[in-house]
Amino acid sequence: MSTETLEAPAVETVKMNGLQAINAALMEAMEADPKVLVLGEDIADNEGGGVVGVTRGLSTKFGTMRVRSTPISEQAIIGAAIGAAMGGYKPVAEIMLMNFTTVAMDMIVNHAAKLRFMSGGQSQVPMVIRTLTGAGNQTAGQHADFYEAWFCHTAGIKVVIPWTPADFKGLYLSAIQDPDPVIIVESGKTLFVPMDVPVNQGPIPLGKANVVAPGSDITIVSYGQMMFTVMQAYEELTKAGVSVEVIDLRTISPWDKETVLASAEKTGRLLVVHEAGRNFGPGAEIAATVQETLFGKLKAPVGRLGAPYCSVPFAKKLEDAFLVQPPEIVAEAQRLIAMS
Amino acid sequence: MSQTLENRAKPDAKTQLDIYRRMIRIERNDDATRTQIRRGRITAPYYSARGQECIPSAISVLLNDDDKICTIYRGIHDMVAKDMPLRPLWAEICGRVDGTCKGKGGPMHLTHPETGVMVTTGIVGSSMPIANGFGWAALLDGTKQVTVAYFGDGASNIGAFHEALNLASVWKLPVIFVCQNNGFAEHTRYENGTSVDLISKRAIGYGMPGYTVDGNDPVDVYAHAHAAIERARAGEGPTLLECKTFRFMGHVFGDADGYMTKEEKAEAIARDPLPIYRQKLIDDGVATAEELDALTAKIEAEVNDAIEFAMACEYPSDDELRRDVFAEEIPA
């Protein structure tokens, strides 16, 4: 066997940001499958192609029957998506900001998430809810929250929070074809930072984490725009001689227990970092599961970093204090390592 | 003001009899449900629609099997009117594995796509936004299918009602919004919770026709439903139909009725749509008393068969907890 055959073939890539990647995924999915629909506030080209332009060009290409701008009516948006999904279509519904999902909570948690179960499997609700959030832009308390824990706690809906543009493309392609409701959170910076995306980026399975960097001293798990912060901390820790394994969870529910447990067992230490509130956040579930499974094999208790118990503040200084910063991750990782 | 309808369609003799058949099917089924609960053979919250039989019966004769309904916790009469088979219906009410939903939905969450029963919801007001989605799908499919969203008077005060009617009107969806106004939102009197004297007036705000009809008069309901369905099938958009009626058994079966007077209840029961319609059919020569009795006997037999079928069914196994959460079974 020659060494050439063992090397991964060179993948042709193109630089794009998250919103271009999502746009490409929607474009590709709508082209391939006439059942794919898009709806939401301001999403058609007459209304600007979405508040940050994610859906730009779609209505021009596919028409306003498949790409429908809606009134500001979140319950009506999710309700129409549920009915269309049960009627044989694959709607992608945009709720402009994650805080506004609260207005449609009945439709999401009582209906979209439960109809398959309550109908004994007769009803399928293959829909995607797209939503945007994230602190760091001084939008304050009602435009920047992470509520993934609410949805993770509701049986029947999958929760995906990508980081890289390639993941956005791949995870969108999977979510649109998934037979169940999926909520995809697009968080702040993830939409605007260009990265390499394989030219033919295909679907990436839901529920599979990505080991971004291998390491042996500690595992750090995160997702969404917090991954940028984690990667800064990773570089500092690496410079300080700490070997960090970084995992991007990508899908928060159902989460990739296998990958996280295998990594935590290997390194003996785990730190979970997220932008959502630390109290009752996804980190609590991950920490509890890892400790239940690996008690005795861990070298330190599982660490958790998340937002403090307050709303997202406006003042830049407060917002910086609200968000987990690289030095906190470095300090917490070193504290956990110093414990053994 | 509520609109008035011109050129009223009239049900022919065969259709009149079909409406009656559905009404009796609802009434016999409802009576049997209450009997089984009283006898302790079923444990379930039950929201009787006794008194409201006419509304879905006069509408369902105008619907095809593939026309859809989205209904609510007080909606078993809507399903029975849509000719859902009674065996799986009863098995579901009894929480058995042969129920429409394998016993996982129960009387407030029945689903039976074969007869167009797509969603039954226990959340007041939520049938309407979902009905819109079926309407959108029908437009995309290019079919003439219509969707009926049933709800009560209390639901017209929920935000979802307003959002759904607005969207349906803007998108010209083939949806008929049917309010079964029985005068009470749970225990609250209509006028203590609703700002307009007629719910149909709310249609004006959403740019669609709105009619208030006598929900106890099959001919009146039929005529207005006919117009609404024709309008929807012609691509002209939604209609709001308010059908005034009364529920004889209170909010949830067994409640104390303390919020209504004995007189108004007695007066409503005196206007029971069933005996009045039966007499009308006989007087008009549509059917003889004997023929109607034979029909009732046949339906009673169907109901009894369904009850005994359901009682003999197995309960779902505990494995069902892991199924139907997602398409793929979740690991134990």
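## Chat about a two-chain model

Reader: Hi! Where is Pro254(A) found?

Author: Pro254(A) sits in the loop between β12 (251-253) and α10 (257-267) of chain A. Helices (H or I, at least four residues) and strands (E, at least two) are DSSP runs, numbered from the N terminus. This is a predicted model, where local features need pLDDT of at least 70, side-chain atom pairs count only at pLDDT 80 or more, and totals for chains, interfaces and linings use all residues. Residues are numbered from 1 along each chain as its sequence is written, chains are lettered from A and ligands numbered from 1 in the order in which they are written, and side-chain values use heavy atoms, with hydrogens and water left out.

Reader: Thanks! Is the peptide bond that joins Ser253(A) and Pro254(A) cis or trans?

Author: That bond is cis, with omega at about -5 degrees.

Reader: Nice. What is the phi of Ala140(A)?

Author: Ala140(A) has a positive phi of about 65 degrees, although it is not a glycine. Ala140(A) belongs to the loop between β5 (128-133) and α7 (148-152) of chain A.

Reader: Is Ala140(A) buried or exposed?

Author: Ala140(A) is buried, at a relative accessible area of 19%. Buried means under 20% relative accessible area, exposed over 50%, and partly exposed in between (1.4 Å probe, protein chains only).

Reader: And what about Asp324(B), what is its phi?

Author: Asp324(B), not a glycine either, has a positive phi of about 70 degrees. Asp324(B) is placed in the segment after α11 (289-312) of chain B, and with a relative accessible area of 11% it is buried.

Reader: Switching to threonines. Where does Thr101(A) lie, and what is it in contact with?

Author: Thr101(A) is in the loop between β4 (90-97) and α5 (105-112) of chain A. It counts as buried, at 0% relative accessibility. Leaving aside neighbours within four places in sequence, Thr101(A) has contacts (heavy atoms within 4.5 Å) with Ile95(A), Ile108(A), Thr131(A), Phe151(A) and Ile183(A).

Reader: Now chain B. Which residues does Thr111(B) touch?

Author: Not counting residues up to four places away in sequence, Thr111(B) touches Ser119(A), Gln122(A) and Ser123(A) in chain A, along with Thr100(B), Cys101(B), Val117(B) and Met118(B) in chain B. Thr111(B) lies in the loop between α4 (86-93) and β2 (117-121) of chain B, and at 2% relative accessibility it counts as buried.

Reader: How many residues apart are Thr111(B) and Thr100(B)?

Author: They are 11 residues apart along the chain, with their C-alpha atoms separated by 6.3 Å.

Reader: You mentioned Cys101(B). How many disulfides over all chains?

Author: The count is zero, with a disulfide taken as a pair of cysteine sulfur atoms within 2.5 Å. Cys101(B) is in no disulfide, and the nearest cysteine sulfur, that of Cys94(B), is 14 Å away. Cys101(B) is buried, with a relative accessible area of 0%, while Cys152(A) is partly exposed, at 25%.

Reader: Let's zoom out. How many helices and strands are there in chain A?

Author: Chain A has 13 helices and 14 strands. Chain B has 11 helices and eight strands.

Reader: Last one! What does the C-alpha trace of chain B span along its principal axes?

Author: It spans about 55 × 50 × 40 Å. For chain A, the C-alpha atoms fill a box of roughly 60 × 55 × 45 Å along the principal axes.
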